[in-house]
Each structure stands twice: as C-alpha cells, then as structure tokens.
Amino acid sequence: MDFVTAPDGVKIAYDDQGEGVPLLCLPGLTRNMDDFEPVLAHYRDRARVIRVDFRGRGASDYADFATYTPMQEAQDVVALLDHLGLEKACVLGTSRGGLVALMMAVMARDRLSGVIFNDIGPEIMAEGLANIMDYIGKPPAYGSLAAAAAALPDVYAGAFRNVPAATWAAFARRVWREEGGALHLRYDPKLRDAVAPAFAPDFEAPDLWPLFDALDGVPLGLIRGAQSDILSAETATEMRRRRPDMAFVELGDRGHVPFLDESGSRAVIESVLEKCA
C-alpha cells in the first residue's frame with residue numbers, strides 16, 4: 001500500500017500490483033480496496049490492478065465530510081493517475097465507484113480507456129438509498145467478525161444465494177475491523193452526514209444520463225445483481241439500449257453488490273479489458 005496526496009492535503013491510500021492494462025478499481029460508498037481482492041488475485045498476471053480507498057474510507061485520511069462527494073473523489077482519482085504517470089486506465093467501479101466514473105466522463109474523459117459498472121447506473125432505486133441510511137455511520141451490530149460472518153447469510157438471504165462461508169468471512173473482514181472485543185467501521189461515520197442531504201424533502205436527484213452518454217466510444221461493461229435494490233432492471237435495459245455494444249451480465253443469485261469472483265462478472269471484466277489493451 002502507498003499514498004498520494006490530494007491537492008487539499010488529504011492522503012489517499014492505494015495499492016498497485018500486476019502488469020498489463022491498468023485496471024483502476026473504485027469501491028462502493030462505505031467500502032474499501034479490499035473488496036477487490038478477488039480481482040487482484042485473478043487478474044494480476046494480465047492487468048495492472050490499482051485499488052483505491054476513497055477519502056474517509058479504509059486507510060485514507062478522514063477529511064471534511066463536505067468533501068465526500070463523487071466529484072471530489074473523481075478529482076482524487078485523477079490526481080492518483082497523474083502521480084502514477086498514467087494517461088489512461090480502465091475503471092472498474094462498484095456502486096459509488098461507478099458514479100465516480102460517470103463524473104470522470106465529463107471532467108476527464110480522456111483518462112478513461114474503458115469503464116465497467118458493478119451494479120450501478122445513472123438512476124438509483126429509492127429502496128436501496130433507504131436501506132443505506134438504515135446502516136451508514138452506525139456501529140456494527142455484531143460483537144466479532146466470526147459472529148458477523150455467521151449472521152450474514154441470513155441477513156442477505158433475500159438477495160444472495162450460493163455464497164460459500166469463506167466468502168462471507170472475507171466480506172466481514174473487508175467491511176469491519178475487530179479490536180478490543182468489538183467491531184468497528186472502516187470508514188468515517190460522518191459519511192452519513194455527507195449523504196444525508198439526498199434525503200431532504202426538497203432534494204432533486206441530478207440527471208446522470210448525459211454523463212453516461214458522454215462515454216460514447218469508450219468500451220463499457222455492466223454487471224447487475226438480479227436482486228439489486230440499487231440498479232433496477234429498467235435502468236440496466238436503458239443503459240443497454242443506449243450502448244448495445246456494452247458487455248453485460250445479470251447474476252441470478254446476487255444482489256447489491258456482486259463479489260466480482262463470479263464467472264459472469266469475470267467474463268464482463270475480461271471482455272472490456274481486451275478492448276482496452
């Protein structure tokens with residue numbers, strides 16, 4: 001792991017391993033680079049896998065929560081590309097990471113050799129946003145990683161099936177840290193304050209479709225969990241209508257978000273990487 005300093009002085013953690021096409025892995029809202037461990041293990045011999053912790057997450061510095069925005073995070077990513085001397089990279093964006101890729105489509109499109117969206121698109125389901133507010137910034141409900149791993153299959157039973165116990169154990173370790181006989185968040189709890197304005201009665205969600213359309217000519221991929229509460233089937237269908245050349249898979253036994261170790265997920269990633277080579 002290494003660090004790059006953003007223009008405002010915040011240190012952004014990243015990990016850079018492997019050789020080949022630069023594959024820039026951007027995590028979800030409350031998640032971190034460890035979510036991409038399966039991607040690193042599978043692709044490090046054919047891609048340069050660059051994993052990032054957004055500000056306020058993982059090993060990156062906590063900052064003013066007002067800067068926890070997709071636009072600021074996109075600026076941090078561009079600073080990292082500059083630091084690494086990379087003109088272009090293929091972005092693999094999970095949830096929030098995909099929104100950051102959309103920001104890059106209008107502020108740094110020339111830095112994108114491809115974009116793979118992991119269960120995210122220009123429209124977000126209200127159900128999923130409400131579920132996020134149920135847990136974001138709150139202390140973990142479990143006393144240990146082992147207890148969490150044991151409980152997760154039931155917690156996610158409505159959206160995830162056929163998930164090995166080892167995968168749930170890895171999931172728990174990536175989401176929380178165990179210390180002093182308790183679990184702790186691996187992100188700044190003030191992230192809740194950063195997203196709270198989206199739930200104000202007068203909030204109007206921005207139209208992100210022009211950002212998606214700005215990716216015209218950029219190789220695209222889309223991975224959707226069939227039980228997703230964030231990316232609707234209708235939004236995925238519209239994305240495919242606008243970009244019929246986009247690699248696509250819908251995973252029947254996954255919700256939000258797929259783990260990226262699924263054969264269908266790998267097929268989409270590989271399809272886009274080939275076009276980025």
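Predicted model: local features only at pLDDT ≥ 70, side-chain atom pairs only at ≥ 80, totals over all residues.
## Helix 4, both sides

Residues are numbered from 1 along each chain as its sequence is written, and side-chain values use heavy atoms, with hydrogens and water left out.

Helix 4 covers residues 126-135, and Gly128, Ile132 and Met133 in it are buried, meaning under 20% relative accessible area. Looking down the helix axis, those buried residues fall within an arc of 140 degrees, so they line one face of helix 4; the arc is that of the directions from the axis to the C-beta atoms. Helix 7 (191-195) is included in what covers them. After helix 4 comes Gly137, with a positive phi near 80 degrees.

## The whole protein

The protein has 10 helices and 10 strands, taken as DSSP runs (H or I, at least four residues, for helices; E, at least two, for strands) and numbered from the N terminus. Its radius of gyration, taken over C-alpha atoms, is 18 Å, close to the 19 Å from the globule rule for 277 residues, so the protein is as compact as a globular protein of that length. That rule is 2.2 Å times the number of residues to the power 0.38.

Buried residues account for 54% of the 277. The C-alpha trace spans about 50 × 45 × 45 Å along its principal axes.

Terms used. Buried < 20%, exposed > 50% of the residue type's maximum accessible area, 1.4 Å probe, protein only. Contact = heavy atoms within 4.5 Å.
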